[in-house]
Amino acid sequence: MNSISTNSFISVVIPVYKGEATIGRVVNELINTITELFTIEIILVNDNSPDDSEHECIRLYHQFQGIVRFFSLSKNVGEHNAVMAGLNKSRGDFVVIMDDDFQNPITEVKTLINAAINNKNDVIYTYYEKKEHSRFRNFGSWFNDKVANIMLNKPRNLYLSSFKILNRFIVDEIIKYDLPYPYIDGLILRTTDKVGVINVKHQKREIGESGYTLKKLVSLWLNMFVNFSILPLRIATIIGFLFSLFGLVFAIITFVEKILNPELPVGWATITIFISIFAGIQLIALGMIGEYVGRIFLSQNKKPQYTIKKSFE
């Protein structure tokens, strides 16, 4: 492996949410570990955190002026939107995206940068031999991985980690997307197939709990479903066709039975069940179409991806 180029300018984008107790240590260790090798900027994006994260980020900006840049969003928009805000403000040759919770050791940032500089991949993801997330978060990651295999045509051996590094080319392509529902990994995978993977360590969360609730995970999955694939609409069409075919066959069978046995009683219960099933299928399909149309409407209505309320540069 070639030696690391100290001429590279590195941006580190960190979305901050309930990170009051950890973000100070993360920034301090990044500066102590990385600045000896690289020129870096650390971009903190406060996703309208309910704790005192904003004041801590402002303190870090004043302590490390010239290195730390801080942007505070006016409302909570979710991790991917907050990362998009950071990517739009980044200036580095390479951009590291990482969390504020210390589950990614700072020493692994150096490993990630080294891998990016010495390879020609547009993005390098990390994966873990052992994940230290909660069971709920691990299940969500597993489900997200399986869905992404189908929706995004993702390589099956690729884990879509939030801890990754992107080169300038892929960042510039991603930030062209200005609609309200970004999904970073979808934007990456639709742009390039030069994707690398390295193994890194994963630590237990020291303080607090993951900000990913069931509601946020469902919202993330919807972004993947609706924004980067029309497969759900095709599935709805196929299901509708199959149920229509089944209904036709059942109608023929019922008609023949009635001819052969005129005394056969009318099956009101069966009719009710089938009406309920077909109505449910129709409502699901309409809801799916409505989700697409609603997002088109909000996009045309210029719903913002994020809104920066305060900037410290």
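**View 1. Leu-30 and the neighbours it touches.** Leu-30 is in contact with Val-12, Ile-14, Thr-35, Ile-40, Ile-42, Met-98, Ile-106 and Val-109, leaving aside residues up to four places away in sequence. Contact here means heavy atoms within 4.5 Å. This is a predicted model, so to speak: local features need pLDDT of at least 70 and side-chain atom pairs count only at pLDDT 80 or more, while totals for chains, interfaces and linings use all residues. Residues are numbered from 1 along each chain as its sequence is written, and side-chain values use heavy atoms, with hydrogens and water left out. 

Leu-30 also belongs with Ile-14, Val-27, Ile-42, Leu-44, Val-96 and Met-98 to the residues with the most contacts inside the largest nonpolar core, which has 38 residues. A nonpolar core is a set of buried Ala, Val, Leu, Ile, Met, Phe, Trp, Tyr and Cys residues joined through side-chain atoms within 4.5 Å. Buried means under 20% relative accessible area, exposed means over 50%, and partly exposed is in between (1.4 Å probe, protein chains only). Apart from this core lies another, of 28 residues, with Val-13, Leu-87, Leu-160 and Ile-188 among them. As a bit of background, nonpolar side chains tend to be buried together in soluble globular proteins.

**View 2. Strand E2 and its partner E1.** Take a look at strand E2, residues 39-46: seven of its eight residues are buried, so the rest of the structure largely encloses it. Helices (H or I, at least four residues) and strands (E, at least two) are DSSP runs, numbered from the N terminus. E2 runs parallel to strand E1 (residues 9-16), and eight bridges join the two. Strands count as a pair if DSSP finds at least two bridges between them. Within this pairing, Phe-9 stands opposite Thr-39 in E2. To get from E1 to E2, the chain goes through helix H1 (residues 23-34), making a right-handed β-α-β crossover. Right-handed means that, with the strands pointing away from the viewer, the path from the first strand over the helix to the second runs clockwise.

**View 3. From E2 on to strand E3.** E2 is also joined to strand E3 (residues 68-73), by five bridges, and these two run parallel. Here Ile-42 stands opposite Val-68 in E3. The chain gets from E2 to E3 by way of helix H2 (residues 53-63), and this β-α-β crossover is right-handed.

View 4. In H2, the buried residues are Ser-53, Glu-54, Glu-56, Cys-57, Ile-58, Leu-60 and Tyr-61. What do they pack against? The buried residues of H2 pack against E1, H1, E2, E3 and E8. Glu-56 also pairs up with Arg-59 in a salt bridge, with 2.6 Å between the closest N and O atoms. A salt bridge is a side-chain nitrogen of Lys or Arg within 4 Å of a carboxyl oxygen of Asp or Glu. Glu-56 and Arg-59 are three residues apart in H2, so about one helical turn separates them. Glu-56 has 18% relative accessibility and so counts as buried, whereas Arg-59 is partly exposed at 38%.

**View 5. Asp-185 and Lys-164, a link between distant parts of the chain.** A salt bridge joins the side chains of Asp-185 and Lys-164 (3.4 Å, N to O). Asp-185 is in helix H7 (residues 184-189) and Lys-164 is in strand E6 (residues 164-167), so to bring them together the pair links distant parts of the chain, 21 residues apart. Asp-185 is buried, with a relative accessible area of 4%, and Lys-164 is buried with a value of 4%. Leaving out residues up to four places away in sequence, Asp-185 touches His-80, Tyr-125, Leu-160 and Lys-164.

View 6. The side chains of Asp-172 and Arg-168 form a salt bridge (3.2 Å, N to O). The two are four residues apart in helix H6 (residues 168-174), so about one helical turn lies between them. Asp-172 is partly exposed, with a relative accessible area of 34%. Elsewhere, salt bridges that share partners join Glu-41, Arg-69, Arg-91 and Glu-313 into one network. The structure holds nine salt bridges.

**View 7. Pro-304 in the loop between H10 and E8.** Pro-304 lies in the loop between helix H10 (268-300) and strand E8 (308-312). Is Pro-304 buried or partly exposed? Pro-304 is partly exposed, with a relative accessible area of 47%. The C-alpha atoms of Pro-304 and Val-77 are 9.7 Å apart, while 227 residues separate the two along the chain.
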